[in-house]
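Here is a friendly briefing to read alongside the sequence and the 3D view. Please keep both open as you go through the points.

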Amino acid sequence: MKSIRFVALGGVLALGLAACSGGGAGSGGAEGGTDAEPSDLTIGVAMPTETSERWIADGDAVKSQLEEAGYTVDLQYAADDIPTQAQQIDQMITKGADLLIVASIDGTALANQLQAAADQGIPVIAYDRLIRDTENVDFYVTFDNYNVGVQQATSLLVGLGILDAEGNEAGATGPFNIELFAGSLDDNNAHFFFQGAMDTLQPYIDNGTLVVKSGQTEIEQVATLRWLQETAQKRMEDLLTSTYAGGDKVDGVLSPYDGISRGIITALQNAGYGDSIEAGLPIVTGQDAEIASVKLINDGVQFSTIFKDTRKLAEQAVVSAQAFLDGEEPEANNTEDYDNGVKVVPSYLLESDIVYADNIQSLLIDSGYWTEEEVAAGQAD
Ligand code: GAL
């Protein structure tokens with residue numbers, strides 16, 4: 001069993017608590033003693049992939065905020081490869097990590113690693129994506145994922161003129177042809193996004209305002225393994241061939257993530273839908289406010305995205321990590337919704353915003369998330 005060290009940060013009270021904790025969440029590495037500085041504490045941060053700039057922003061934000069708080073950080077990306085991520089976490093544990101922050105690739109694939117972490121009293125925080133099928137996850141920081149799906153569907157309805165920006169009925173009755181895309185089935189979030197979206201769209205499907213022309217409405221039919229842009233582009237191409245070759249037009253596409261949106265848009269442009277919404281592209285939604293998509297929204301090509309401020313998520317991860325390292329429980333604001341199959345994981349949920357062309361300035365530029373130059377260029381500096 002590892003000896004206790006980081007509780008010294010919290011002073012005598014924390015020391016007393018930790019002394020009773022018997023090596024549960026809160027016991028630290030091998031040096032022992034009560035004079036540990038934060039810099040003696042290493043936090044392993046496992047991120048899924050660097051191919052999506054969203055996760056680069058998360059990794060950067062978590063690392064810099066942890067380092068500001070004085071901790072040593074071991075940040076690893078796994079190129080969306082499940083065994084690589086498992087191995088990276090194994091190594092973090094072997095090298096003496098005092099706490100783990102994990103954004104999983106496959107939320108069900110880390111049970112062995114997390115058992116090892118638990119055996120050594122290393123607290124585990126699931127970052128953005130819930131880790132499933134294990135009791136060895138101590139806390140979850142994320143956004144209100146169901147509401148993200150509601151927002152995605154709402155923006156689709158706004159784009160089609162069915163709702164106005166305030167969410168009131170705006171008069172359009174269609175019928176509009178739409179297609180649905182979901183994320184990766186092994187990512188718990190994909191199910192929350194799709195559920196929130198479908199609960200919002202279903203009344204309009206039921207009353208005939210919206211028509212899913214392909215008939216593909218089950219998440220298993222519309223999912224996109226690993227959230228890959230190319231996979232989404234291929235499915236959109238297939239849909240255009242199978243369902244729209246006779247001259248019917250697609251009016252809207254529910255997309256759960258900006259990378260997927262860009263694949264969909266490329267397929268539509270290649271099929272002659274035009275270069276912008278004005279020129280004939282359907283309404284396409286998104287998520288993450290990735291810079292390439294923010295530019296597309298600014299240029300009238302993609303209609304919307306969902307802004308989840310990765311800086312705030314990182315901050316919440318850091319606050320929660322500090323609580324564990326001080327021998328305390330982090331503050332949760334949701335203890336109901338995130339059942340991982342073994343237990344309900346105490347969670348802290350953040351709010352998200354819908355981005356349209358006309359609020360890029362107020363939501364993304366004024367808050368310092370992207371600069372005007374980055375939006376114009378479509379890439380981060
Ligand atoms: C989800 C995440 C989304 C998006 C997607 C693809 O887990 O919540 O914001 O980033 O992965 O990376």
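Predicted model: local features only at pLDDT ≥ 70, side-chain atom pairs only at ≥ 80, totals over all residues.

A residue is called buried when its relative accessible area is under 20%, exposed when over 50%, and partly exposed in between, using a 1.4 Å probe and protein chains only. Residues are numbered from 1 along each chain as its sequence is written, and side-chain values use heavy atoms, with hydrogens and water left out.

**Confidence**

- The average pLDDT (the predictor's confidence in each residue, from 0 to 100) is 91 for the protein, and 91% of the residues score at least 70.
- Please treat one stretch separately: over residues 1-35 pLDDT stays under 50, and the model has 72 contacts for them beyond four places in sequence, a contact meaning heavy atoms within 4.5 Å.

**Helix 9 and what surrounds it**

- Helix 9 (residues 258-270) has 13 residues and reaches 18 Å from its first C-alpha to its last.
- That is close to the 18 Å expected at 1.5 Å a residue, where the expected span is 1.5 Å times one less than the number of residues.
- Helix 9 is largely enclosed by the rest of the structure, because 10 of its 13 residues are buried.
- The buried residues of helix 9 include Asp258, Arg262, Ile264 and Leu268.
- Their cover includes helix 8 (229-243), strand 8, strand 9 (283-284), helix 10 (291-298) and strand 10 (305-307).
- After helix 9 comes Gly272, whose phi is positive, near 90 degrees.

- Leu281 sits in the loop between helix 9 and strand 9.
- Beyond its neighbours within four places in sequence, Leu281 is in contact with Ile265, Leu268, Gln269, Tyr273, Gly274, Asp275, Ser276 and Val301.
- Leu281 and Val301 are 20 residues apart in sequence and 7.2 Å apart in space, C-alpha to C-alpha.
- Leu349 belongs to strand 11 (residues 347-350) and is buried, with a relative accessible area of 12%.
- Although Leu349 and Thr142 are 207 residues apart in sequence, their C-alpha atoms are 5.1 Å apart in space.
- With neighbours within four places in sequence set aside, the contacts of Leu349 include Thr142, Phe143, Asn333 and Tyr338.

**Pocket and cavity**

- On a 1 Å grid over the protein atoms alone, a cavity is a set of points where a 1.4 Å probe fits but cannot get out, and a pocket is an open set with protein on both sides within 12 Å along at least five of seven lines; lining residues have an atom within 4 Å of a point.
- The largest pocket holds about 400 Å³ of space, a volume being the space filled by probe spheres set on the points, which are joined across faces, edges and corners.
- Of the 28 residues that line the largest pocket, the closest to its centre are Thr49, Ser52, Arg226, Trp227 and Tyr257.
- Helix 2 gives the largest share of that lining, three residues.
- The largest cavity has a volume of about 30 Å³, and its lining consists of Glu53, Arg54, Ala57, Asp288, Ala289, Glu290, Tyr369 and Trp370.

Key
Helix = DSSP H or I, 4+ residues; strand = E, 2+ residues; numbered from the N terminus.
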